[in-house]
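This report describes one protein chain for a reader who is new to structural work. Please keep the sequence and the structure in view while reading.

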Amino acid sequence: MAQINPHINFNGNAEEAFTFYKSVFGGEFSKVIRFKDIASEEYPIPEKEANNIMFIALPIGQNFLCANDIPEIMGRVDENENRSKITVTAESKEEAYDIFNGLSVGGQIEMPMEENPDGTYFAMFRDKFGIEWMVKFDPEK
């Protein structure tokens, strides 16, 4: 069965925020990926954003609080409107596609479900009710 976790977008201060959250909830980050970690010729990253957070996760109980910094090229996050998303972590590629295909009906797709260079699958969209979702599957997990 899929797992649901909150995901927060930041305007360049995700690491600062998550250091604070870690001081409150305790624990250790389960994953930290910086934009420089995914940079390539196909996906160049500006030097000033290289150390920004592409993905960070803090385990809290059975769930994870997740976040990223929004690259400048995508504009700033409206912190009162589109700052957070619900992340669904699927147990299989088929489940990820089923969830994406079901929830995105009548909505606005930002990124369709597709395989990433690292072999994971990811989609991002707003459903027909305006709720923002991300669906992912990692075959390594």
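The side chains of K22 and E28 meet in a salt bridge, with 3.4 Å from N to O. A salt bridge is here a side-chain nitrogen of Lys or Arg within 4 Å of a carboxyl oxygen of Asp or Glu. K22 counts as partly exposed at 26% relative accessibility, whereas E28 counts as exposed at 56%. Buried means under 20% relative accessible area, exposed over 50%, and partly exposed in between, with a 1.4 Å probe and protein chains only.

The model is a predicted one, in which local features need pLDDT of at least 70, side-chain atom pairs count only at pLDDT 80 or more, and totals for chains, interfaces and linings use all residues. Residues are numbered from 1 along each chain as its sequence is written, and side-chain values use heavy atoms, with hydrogens and water left out.

**Salt bridges**

By the rule given above, the count comes to 6 salt bridges. Side chains of opposite charge can pair when their charged atoms come close.

| Pair | Closest N and O atoms |
|---|---|
| E15 and R34 | 2.8 Å |
| K85 and E110 | 3.6 Å |

E15 lies in helix 1 and R34 in strand 2, so this pair ties together parts that are 19 residues apart in sequence. E15 is partly exposed, with a relative accessible area of 36%, while R34 counts as buried at 18%.

The pair of K85 and E110 also links distant parts of the chain: K85 belongs to strand 5 and E110 to strand 6, 25 residues apart. K85 is buried, at 6% relative accessibility, and E110 is partly exposed, at 43%. Salt bridges link K85, E110, R126 and E132 in a network.

**Elements and the sheet**

The chain holds 3 helices and 8 strands. Helices (H or I, at least four residues) and strands (E, at least two) are DSSP runs, numbered from the N terminus. From that end on, the order of elements is β-α-β-α-β-β-β-α-β-β-β.

How are the strands arranged? The 8 strands form an open sheet in the order 2-3-4-1-5-8-7-6, with mixed pairing. Two strands pair if DSSP finds at least two bridges between them. Strand 2 (31-34) and strand 6 (108-115) stand at the edges with a single partner strand each, so one side of each is left without a neighbour in the sheet. From one strand to the next, the twist averages 20°.

Strand 3 (residues 53-60) and strand 4 (residues 63-69) pair in the antiparallel sense over 5 bridges. I60 stands opposite N63 in strand 4. Helix 1 (residues 14-25) lies across strand 1 (3-10), strand 2, strand 3 and strand 4, and runs at about 10° to strand 3. Helix 3 packs on the sheet and touches strand 5 (84-89), strand 6, strand 7 and strand 8; its direction makes about 165° with that of strand 6. Axes are lines fitted to C-alpha atoms, for helices over the stretch in contact, and angles run from 0 to 180 degrees between N-to-C directions.

**Nonpolar cores**

In soluble globular proteins, nonpolar side chains tend to be buried together. A nonpolar core is a set of buried Ala, Val, Leu, Ile, Met, Phe, Trp, Tyr and Cys residues joined through side-chain atoms within 4.5 Å. The largest one has 12 residues, including V88, I99, F100, F125 and W133. Helix 3 (93-103), strand 7 (121-126) and strand 8 (132-137) each supply at least two residues of this core. A second, separate core of 10 residues includes I8, A17, I53 and L58.

I99 is in contact (heavy atoms within 4.5 Å) with A2, V88 and V135, leaving aside its neighbours within four places in sequence.

S84 is located in strand 5 and is partly exposed, with a relative accessible area of 47%. Leaving aside neighbours within four places in sequence, S84 is in contact with H7, I8 and E132. S104 lies in the loop between helix 3 and strand 6 and counts as buried at 10% relative accessibility. Not counting residues up to four places away in sequence, S104 touches I109 and F125.

**The chain as a whole**

Buried residues make up 35% of the 141 residues in the chain. The C-alpha atoms fill a box of roughly 35 × 35 × 35 Å, taken along the principal axes.
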